[in-house]
Amino acid sequence: MSEEKKQDMPLVEVKHLKQYFDISEGFFKSRPLKAVDDVSFTIRKGETLGLVGESGCGKTTVGRTILHLYKPTDGEIWYDGIKIGDKKSLEDFRKKATMVFQDPYSSLNPRMTVADIIAEPLDIHKMYSSSKERRDRILELMEYVGLNSEHASRYAHEFSGGQRQRIGIARSLALKPGFIVCDEPVSALDVSIQAQVINMFDELQEKLGLTYLFIAHDLLVVRHISDRIAVMYLGRMVELADAEEIYDHPLHPYSKSLISAVPVPDPKTARENKRIVLSGDIPSPLNAPSGCPFRTRCPHACDKCAESMPELKDMGGGHFVACHLVKEGKLG
Amino acid sequence: MSMLEVRDLHTSFFTDAGEVKAVNGVSFFLDEGKVLGIVGESGSGKSVTAYSIMQILAGSGKIVSGSIKFRGQELVDSGEKVMKTIRGNKISIIFQDPMTSLNPTYTIGHQLMEAILLHTDRNKDQARERAVEMLRLVNVNEPEKRMNQYPYEFSGGMRQRVMIAMALACEPDILIADEPTTALDVTIQAQILELMKSLQKELGMAIIMITHDLGVVAQMCDEVIVMYAGAICEQGSADEIFYNPCHEYTKGLLRSIPTADGGKEKLKPITGTPIDLLNMPKGCAFAPRCDAAMRICLKEKCERMQINDMHAAACWMNVKKNMEGGEA
């Protein structure tokens with residue numbers, strides 16, 4: 001598919017998504033925890049959008065809310081030109097959008113055989129007319145992810161972490177989805193196995209024309225697999241740009257420090273590297289700072305940052321950033 | 001004489017399924033003030049090596065043979081009494097998971113003071129003073145107030161700082177860090193690594209850094225040991241390991257990770273699955289997954305060979321290369 005054509009077709013549109021959780025504080029009293037606060041972005045057909053950020057920044061919640069595993073507090077999600085909301089659209093959407101989970105140990109039912117795990121989505125949505133059709137589809141899916149047919153009657157505990165993740169991926173492919181949310185799919189795996197699974201994601205995307213939302217905290221992995229990368233901090237999206245662009249020319253002070261903090265597997269670069277080490281921890285989303293959420297750790301913060309939340313704005317060439325100082329040309 | 005000398009260490013776990021040889025003939029020396037990295041996948045024996053040094057193996061684990069000498073003193077079979085003078089005092093360890101390594105029912109101060117009272121002659125007031133000083137050293141804000149708080153009031157990065165403070169309270173000669181930043185976010189990881197580096201310079205201790213992250217190794221280590229299936233497959237200075245890897249496993253590892261300047265070209269993964277320690281192959285443990293494996297690799301283990309002063313590896317490919325070089 002040509003670059004231009006990709007650009008024309010947003011497959012997933014997220015508009016002003018908000019996801020608040022009520023935290024109870026005794027009887028009748030509760031406070032909203034703003035896990036995701038006013039996040040908008042689109043994912044083009046055939047694209048991989050990487051979503052990075054520290055734990056607690058809301059990246060997993062974004063993924064889950066898109067799939068309506070949580071009911072969004074506010075905002076809209078559009079898939080292929082249709083707004084997801086009522087029962088009919090949701091039912092259709094759930095066949096087209098699936099998920100691969102982080103932990104290959106807890107996301108597979110230990111009492112089911114591999115065949116039954118992979119076929120569970122088929123069973124639920126009654127996607128076959130005969131048991132032969134069901135079996136053929138299972139074998140086809142297992143072949144996609146590099147599992148042998150003799151594995152079908154085994155149980156999950158007989159497999160290593162990498163193979164379990166393959167089972168999880170086969171299950172997510174069962175309904176022939178167009179869109180897959182991958183929530184830290186390789187972070188529980190050993191280094192030598194990670195590369196196998198990452199390559200498999202690449203190959204499946206080419207073969208089946210999949211679109212991914214790839215959530216991870218390992219920036220080198222995200223950069224490798226993604227076309228564009230979005231950075232989140234404390235429930236807000238702070239930067240969004242092409243993978244190469246954001247890695248080589250990050251604009252937001254948070255993205256800068258995040259990228260500089262990545263330990264590069266190269267001793268010479270490591271010795272030269274001037275890391276921007278942030279002080280302090282990510283604040284609790286229950287007590288988010290006023291204005292820009294990053295200002296409490298930002299080395300450049302000024303009065304304006306405390307007053308108002310900067311909008312996510314295109315700085316040219318599809319490089320979006322939410323920072324007052326970058327917009328005023330004081331940083332960049 | 002090196003400060004710590006480990007010679008031909010064998011540690012096994014005796015399970016119902018049989019003897020699991022978790023560490024299988026590991027030897028290395030650690031000099032004063034050096035940072036030694038041990039890298040490997042889960043099950044490679046890197047943590048068990050560290051636990052063997054501290055002799056804190058789980059119930060079924062036992063040092064079968066070998067020698068561990070700290071400043072000339074043999075630690076294997078030295079008895080619990082001797083080990084108590086070593087642990088926490090001369091050699092300290094910090095663990096991977098800062099969430100579970102602190103006792104949730106005691107204050108941070110209590111736990112910090114416990115180590116100091118146990119190993120030094122300080123009285124309670126002096127121990128408290130020392131604990132506050134240690135918290136300040138690891139950049140914990142308002143240390144006096146923090147002393148009276150409980151672990152749940154600390155974030156992951158803060159807890160790992162407390163663990164480091166505790167490990168360093170008695171000024172150990174060696175700090176063993178078992179995946180100290182794996183559970184932390186990158187920006188917090190950067191803080192902790194930076195802190196460990198500056199403390200190491202300030203206090204002059206040696207660090208054994210156990211990790212699976214080659215990036216962390218590149219940042220921190222002078223020397224690197226690469227482990228696979230309980231044995232050392234390659235050992236050398238950080239530069240030698242990264243720029244002149246001489247074992248097929250190390251080469252595979254380096255090829256399989258995305259690099260900072262790498263573009264979109266495909267990663268070259270190591271094929272196959274990690275080894276089953278109950279079912280060890282006869283020859284080189286890595287041979288079943290090795291693309292370059294030759295007939296001899298399947299039959300016979302390769303002995304460790306010196307590549308140069310800074311570098312040793314146990315791979316038949318080096319023998320082959322030498323022979324070809326000799327003929328030409």
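Tutor: What follows goes through each chain, then the contact between the chains. This is a predicted model, in which local features need pLDDT of at least 70, side-chain atom pairs count only at pLDDT 80 or more, and totals for chains, interfaces and linings use all residues. Residues are numbered from 1 along each chain as its sequence is written, while chains are lettered from A and ligands numbered from 1 in the order in which they are written.

Student: How many helices and strands does chain A have?

Tutor: Chain A has 13 helices and 12 strands. Helices (H or I, at least four residues) and strands (E, at least two) are DSSP runs, numbered from the N terminus.

Student: And what is the radius of gyration of chain A?

Tutor: The radius of gyration of chain A is 21 Å, close to the 20 Å from the globule rule for 332 residues, so chain A is as compact as a globular protein of that length. The radius is taken over C-alpha atoms, and the rule is 2.2 Å times the number of residues to the power 0.38. The C-alpha trace of chain A spans about 65 × 55 × 45 Å along its principal axes.

Student: What's the strand order in the 8-stranded open sheet of chain A?

Tutor: The order is β6-β7-β8-β3-β9-β10-β12-β11, with mixed pairing. Two strands pair if DSSP finds at least two bridges between them. At the edges stand β6 (97-100) and β11 (313-314) of chain A, each with a single partner strand, so one side of each has no neighbour in the sheet.

Student: Do β7 and β8 of chain A run parallel or antiparallel?

Tutor: Parallel: β7 (residues 179-183) and β8 (residues 211-215) of chain A are joined by 5 bridges. Val181(A) has Leu213(A) in β8(A) as its bridge partner. Helix α2 (residues 59-66) of chain A packs on that sheet and touches β3 (48-52), β7, β8 and β9 (228-233) of chain A, with its direction at about 150° to that of β8(A). Axes are lines fitted to C-alpha atoms, for helices over the stretch in contact, and angles run from 0 to 180 degrees between N-to-C directions. Residues are in contact if their C-beta atoms, placed from the backbone, lie within 7 Å.

Student: Which residue takes a positive phi in the hairpin of β1(A) and β2(A)?

Tutor: Gly26(A), with phi near 85°, in a hairpin that has 5 residues between the strands. The two strands, β1 (residues 10-24) and β2 (residues 30-44) of chain A, pair in the antiparallel sense over 11 bridges. Pro10(A) is bridged to Arg44(A) in β2(A).

Student: Switching to helices. At what angle do α6 and α7 of chain A pack?

Tutor: About 20°, with the axes of α6 (residues 161-173) and α7 (residues 191-208) of chain A 9 Å apart. Gly161(A), Gly162(A) and Gln165(A) of α6(A) meet Ile193(A), Gln196(A) and Val197(A) of α7(A). By class, that contact has 2 nonpolar, 4 polar and no charged residues. Ala, Val, Leu, Ile, Met, Phe, Trp, Tyr, Cys and Pro count as nonpolar, Asp, Glu, Lys and Arg as charged, and the others, Gly among them, as polar.

Student: On to chain B. How many helices and strands there?

Tutor: Chain B has 12 helices and 12 strands. Its radius of gyration is 21 Å, close to the 20 Å the globule rule gives for 328 residues, so chain B is as compact as a globular protein of that length.

Student: Which strands form the 4-stranded open sheet in chain B?

Tutor: The order is β2-β1-β4-β5 of chain B, with antiparallel pairing. β4 (residues 61-70) of chain B pairs with β5(B) over 2 bridges, and Lys69(B) stands opposite Glu74(B) in β5(B). Helix α1 (residues 46-54) of chain B lies across β1 (4-15), β2 and β4 of chain B, at about 75° to β2(B).

Student: Last one: how many residues does each chain bring to the contact?

Tutor: Chain A brings 34 residues and chain B brings 38 residues. On the side of chain A that touches chain B, α7(A) gives the most, with 7 residues. By class, that side of chain A has 16 nonpolar, 11 polar and 7 charged residues.

Conventions. Two residues are in contact if their C-beta atoms, placed from the backbone, lie within 7 Å.
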